[in-house]
Amino acid sequence: MLLLAAALLAVPDYHSTIAPILERRCVGCHRKGEIAPMALETYVQVRPWARAIRETVLRRKMPPWFAVAGTFANDPSLTREEIAAIEQWADGKAPEGKPVSRGRAISRAEEPPAPDWAMRAPAVRIPAKTELEYQYIILGEFGTDQWVRRVEVRPSDRRAVHHLVVYARAAGSAWLAGRPKNQFFTARPEEGATTADILGVYTPGTRATELPEGMARRVRAGSEIVLQIHYNPYGREAKDASEVRLWFSKTAPRYNVLTLQLNQPRILIPPFARDHVETVSGTMPGDALLLNFLPHLHLRGKSFEYRIVAPGGRAETLLKVSPYDFYWQLQYWLATPRLLKKGTRLQAEAHWDNSAANAANPDPSAEVTYCEPSRCEMMVGFFDVAVGADVDKESFFLRR
Ligand code: HEC
């Protein structure tokens, strides 16, 4: 009885209980050079944040995660026991305890070796208030065929980058043909659209993406890296020089990975609409293994759902993100990749809140259409699929 009472009263300490939780679930972002504003790697760093940590985990604000349906390999959510331990620790004056030797945590697994390809774009000045048009730049050329297995985008000012897409433009492509290299330019509307392969999409909250064993993205010799960057003004003048780092696979993988999208350009959201809905669907032109999702909406976005619709109309939800948060555009990796047979219909459904109740809404009285700046809306459901190593985007979409 006495022992039981002692166990109930014992306050968990940092070294034995809290540090392993933070290492597993937090320090991936909360460490030097990563996306969070402060490191949470040592007791000295963590102690001043004890109360804030308690609040954010109790309110499930941290770690950030917005999937309310679907099962995902990269779900970082804390268990109820972990949350309770953090709460007791913070309420009990956040004791340090004695250092214990532990193996290295998963999230601190060996740092990857130096990238095989890296390039920093020249600096761009972002005005305090005016939104810049999409900035494009063509960088570096591939001398030989490569398989890209890991991609990291490192903005120098993360607050300024709303999104950044890394494309591989094939040799001889008509897209942005004749544009100068190694300097930023803006594209005319008819120039912007492309079917070029996407190597990576950086959005707020995303870190490096590494493909599973046996998977990589083929980049043909002669291809060039093209960046499309959408900068966000945030109240004071800023400067960003984003860097892209690529790691290549030394051996040929079993699968080529393609980024596809369900894109709905016909959006019309009435002024003050509280719950506007749009859907878009597409049919798989061939068999493919579905790997992950990355929903993209702008400031009025409320929720986003991906589902498979069977021929009879029955729908199966694979991911539902709610609430959609413009400032946390995460990638959701299926716990088990899903084989989509040729002819499978994938559907995306997005909801928007254009009312004044949406604190992020720049203008509830506006009738909102599709356009690139964040005062308008977009609806893009990115998803990655794995196909045979000899299949590329073009042959995948050719009727077979
Ligand atoms: C995906 C990256 C990521 C992960 C994982 C993550 N954080 Fe954060 N965290 C951030 C970023 C970015 C911010 C600053 C922006 C914000 O507050 O939304 C932040 C802010 C915070 C804050 C300050 C909140 C405030 O109100 O000022 C606390 C406390 C915090 N995180 C704790 C944690 C804890 C504890 C975990 C793990 C259980 C965790 N975070 C996991 C990225 C992350």
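A residue counts as buried if 20 or more other C-beta atoms lie within 10 Å of its own, exposed if 12 or fewer, and partly exposed in between, with C-beta atoms placed from the backbone. Keep that in mind for the first stop.

This is a predicted model: local features need pLDDT of at least 70, side-chain atom pairs count only at pLDDT 80 or more, and totals for chains, interfaces and linings use all residues. Numbering starts from 1 along each chain as its sequence is written.

**Stop 1: Val309.** Select Val309, which is partly exposed because 16 other C-beta atoms lie within 10 Å. Now show its contacts (C-beta atoms, placed from the backbone, within 7 Å). Leaving aside neighbours within four places in sequence, you'll find Ser281, Ala315, Arg345 and Gln347. For a sense of distance, pick Arg25 too: Val309 and Arg25 are 284 residues apart in sequence and 34 Å apart in space, C-alpha to C-alpha.

Stop 2: Val309 sits in strand 17 (residues 301–309). Strands here are DSSP runs (E, at least two residues), as helices are (H or I, at least four), numbered from the N terminus. Colour strand 18 (residues 315–321) next: strands 17 and 18 pair in the antiparallel sense over 6 bridges. Pairing takes at least two DSSP bridges between two strands. Zoom in on Glu305, whose bridge partner in strand 18 is Lys320.

Then widen the selection to the open sheet of 5 strands, ordered 1-18-17-20-15 with antiparallel pairing. At the edges are strand 1 (67–69) and strand 15 (276–283), each pairing on one side only.

**Stop 3: the nonpolar core.** What are we selecting? Buried Ala, Val, Leu, Ile, Met, Phe, Trp, Tyr and Cys residues joined through C-beta atoms within 7 Å. The largest such core has 66 residues, and those with the most contacts inside it are Leu164, Val166, Leu227 and Val385. Strand 6 (residues 161–169) gives the most to this core, with 6 residues. Domain 2 (112–253) and domain 3 (254–400) both contribute residues, so this core lies between them; the domain bounds come from an automatic or database domain assignment.

Centre on Leu227, which touches Ala121, Tyr136, Ile137, Leu139, Leu164, Val166 and Val244, not counting residues up to four places away in sequence. A second, separate core has 17 residues, including Tyr14, Ala19, Val46 and Ile53.

**Stop 4: zoom out.** Show everything: the protein has 7 helices and 22 strands. Buried residues make up 32% of the 400 residues. Along the principal axes, the C-alpha atoms fill a box of roughly 75 × 55 × 50 Å.

Definitions and conventions
Contact = placed C-beta atoms within 7 Å.
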